[in-house]
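Student: Hi! Could we go through this structure together?

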Amino acid sequence: MGSRTTISILVVLLLGLVQLAISGHDYKQALSKSILFFEAQRSGHLPPNQRVSWRSHSGLYDGKSSGVDLVGGYYDAGDNVKFGLPMAFTVTTMCWSIIEYGGQLESNGELGHAIDAVKWGTDYFIKAHPEPNVLYGEVGDGKSDHYCWQRPEEMTTDRRAYKLDRNNPGSDLAGETAAAMAAASIVFRRSDPSYSAELLRHAHQLFEFADKYRGKYDSSITVAQKYYRSVSGYNDELLWAAAWLYQATNDKYYLDYLGKNGDSMGGTGWSMTEFGWDVKYAGVQTLVAKVLMQGKGGEHTAVFERYQQKAEQFMCSLLGKSTKNIKKTPGGLIFRQSWNNMQFVTSASFLATVYSDYLSSSKRDLRCSQGNISPSQLLDFSKSQVDYILGDNPRATSYMVGYGENYPRQVHHRGSSIVSFNVDQKFVTCRGGYATWFSRKGSDPNVLTGALVGGPDAYDNFADQRDNYEQTEPATYNNAPLLGVLARLISGSTGFDQLLPGVSPTPSPVIIKPAPVPQRKPTKPPASSPSPITISQKMTNSWKNEGKVYYRYSTRLTNRSTKTLKNLNISITKLYGPIWGVTKTGNSFSFPSWMQSLPSGKSMEFVYIHSASPADVLVSNYSLE
């Protein structure tokens with residue numbers, strides 16, 4: 001009887017293990033938690049819908065001594081400094097996740113939260129860029145901040161603001177911020193066209209500032225050198241910014257910039273084994289490869305092919321199929337360095353994920369020096385890294401706080417490790433925080449849900465100790481690229497056509513599907529519910545003036561319903577010239593002054609002129625009566 005009982009128990013245990021293997025990780029839960037982490041990193045006035053309840057307002061006088069409002073933004077990691085370079089990279093990669101996988105984020109109820117996270121950063125960048133050639137790049141300094149262990153709500157450290165200008169340039173920081181603003185303009189293009197246009201205006205100005213007044217930002221903001229030194233210089237950020245501005249505008253100027261400067265600035269020369277807040281080359285090469293696969297290389301095709309070769313060498317190195325491969329721990333995790341290695345894991349996994357989908361869309365494999373790799377193998381690699389992070393590793397430890405049962409409890413993070421200001425407002429002194437809270441051996445009083453810590457060493461070892469900052473400190477740029485990977489993995493093996501021009505969905509979209517415009521693949525509305533309004537565009541003329549080509553576009557809007565169209569609002573973005581035949585109303589357009597409505601079956605036409613591809617035209621509101 002005893003042996004039968006033992007066998008029964010073993011069967012139950014084996015069935016449980018089989019079920020665990022089948023079910024795998026809960027990527028949806030991990031996605032929700034990873035986005036929530038950004039709310040714990042907020043600086044400034046917290047909004048009413050703040051979900052991390054143990055945090056409160058902080059940094060409310062940032063910038064005041066410099067005569068500028070710099071309230072808001074993000075603390076980068078476990079300290080209370082606002083470092084511009086990693087913050088901008090965080091926003092850029094969050095935006096890239098939304099642009100590629102916004103539909104998956106939306107279907108899992110997280111798109112609104114992700115967009116809120118982006119806007120918390122871009123609202124701050126708008127404040128930090130008060131003039132075309134001025135950018136505030138840091139608030140606070142690491143030396144005084146690290147001397148103290150205090151909650152952000154009551155910090156007593158120096159909150160001096162540090163800026164870039166013509167005499168103190170910083171092409172890397174200005175370039176990365178331009179990239180963030182350009183990428184964010186794509187994210188907000190449909191949900192908030194006017195905000196999108198504002199972001200794009202800042203992106204143009206920041207890129208011009210970065211390109212015209214060249215220099216490394218940490219030569220101007222020297223207090224950043226010990227914490228976020230720009231080792232790679234600024235050429236990668238200039239190419240990165242140009243790539244994102246091309247994605248946002250389709251303006252040939254930025255395509256030419258990538259083509260003409262690819263060789264001299266290292267875009268076609270550097271074969272990378274990392275991608276992160278300092279080194280952007282692998283990201284640039286991946287974006288340019290996408291442009292090439294979309295058939296947009298034009299006169300720069302040969303140069304763009306060299307970008308793509310470097311992008312593919314990076315992908316091959318991830319799977320050990322290159323002549324120079326990325327190192328891994330015995331448990332299979334990418335390993336670059338002992339201090340916050342996880343940042344390189346998530347960023348590389350994101351590039352592998354999007355490139356896998358680019359390859360699937362172009363229906364080809366990855367050609368490596370040591371053999372070919374299918375798109376699914378590349379995605380499987382990203383999945384293996386995420387699964388390791390979530391607990392499939394030699395220590396069976398989840399490196400995402402709050403996910404699973406065995407996760408870090410003593411995170412190197414000031415706000416998390418000290419009792420919440422909302423619970424106990426007794427002042428924590430600068431050095432007293434170290435004595436009372438930092439040295440505590442117990443679990444953090446506030447769970448830093450979703451935070452991705454630095455992770456294990458080269459041999460998969462990890463010590464969950466608050467003073468072990470190399471392994472237990474989280475960072476915003478660890479989480480940002482992970483959003484896209486998790487959103488993609490939730491969808492399993494479902495294929496995506498990532499090469500089509502993508503526009504991020506709105507959190508609660510009103511779906512009105514216009515007819516196709518030139519150079520875009522048409523999207524057919526469902527047969528059961530045809531759109532009552534169609535939009536078509538065509539180029540009717542072109543000419544050259546002072547070396548620049550101008551195009552005249554005619555846009556026709558047709559009422560295909562059986563009722564009269566009234567209260568029309570048209571959103572037009574990526575418009576860079578004059579327009580006739582519509583009336584501008586606030587941030588949108590409506591009927592011309594001689595029309596109040598459009599009868600059933602009738603059309604209206606308007607024209608515009610600019611030196612770019614067709615503008616994005618969509619109907620944002622209307623009524624049928």
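Student: Which helix is A179 found in?
Tutor: A179 sits in helix 6, residues 171–187; helices here are DSSP runs of H or I with at least four residues, numbered from the N terminus. Keep in mind that this is a predicted model, where local features need pLDDT of at least 70, side-chain atom pairs count only at pLDDT 80 or more, and totals for chains, interfaces and linings use all residues. Residues are numbered from 1 along each chain as its sequence is written, and side-chain values use heavy atoms, with hydrogens and water left out.

Student: Is A179 buried or exposed?
Tutor: A179 is buried, with a relative accessible area of 0% (buried means under 20%, exposed over 50%, partly exposed in between, using a 1.4 Å probe and protein chains only).

Student: And what does A179 touch?
Tutor: Leaving out residues up to four places away in sequence, A179 touches T92, W240, A241 and W244, where contact means heavy atoms within 4.5 Å.

Student: New topic: at what angle do helix 12 and helix 13 pack?
Tutor: Helix 12 (residues 281–293) and helix 13 (residues 301–318) pack at about 125°, and their axes are 8 Å apart. Axes are lines fitted to C-alpha atoms, for helices over the stretch in contact, with angles from 0 to 180 degrees between N-to-C directions.

Student: So what do we call helix 12 relative to helix 13?
Tutor: That angle makes helix 12 oblique to helix 13 (under 35 degrees is roughly parallel, over 145 roughly antiparallel, 65 to 115 roughly perpendicular, and the rest oblique).

Student: Which residues of helix 12 and helix 13 meet?
Tutor: Among them are V288 and L292 in helix 12, and F304 and F314 in helix 13.

Notes. Helices (H or I, at least four residues) and strands (E, at least two) are DSSP runs, numbered from the N terminus.
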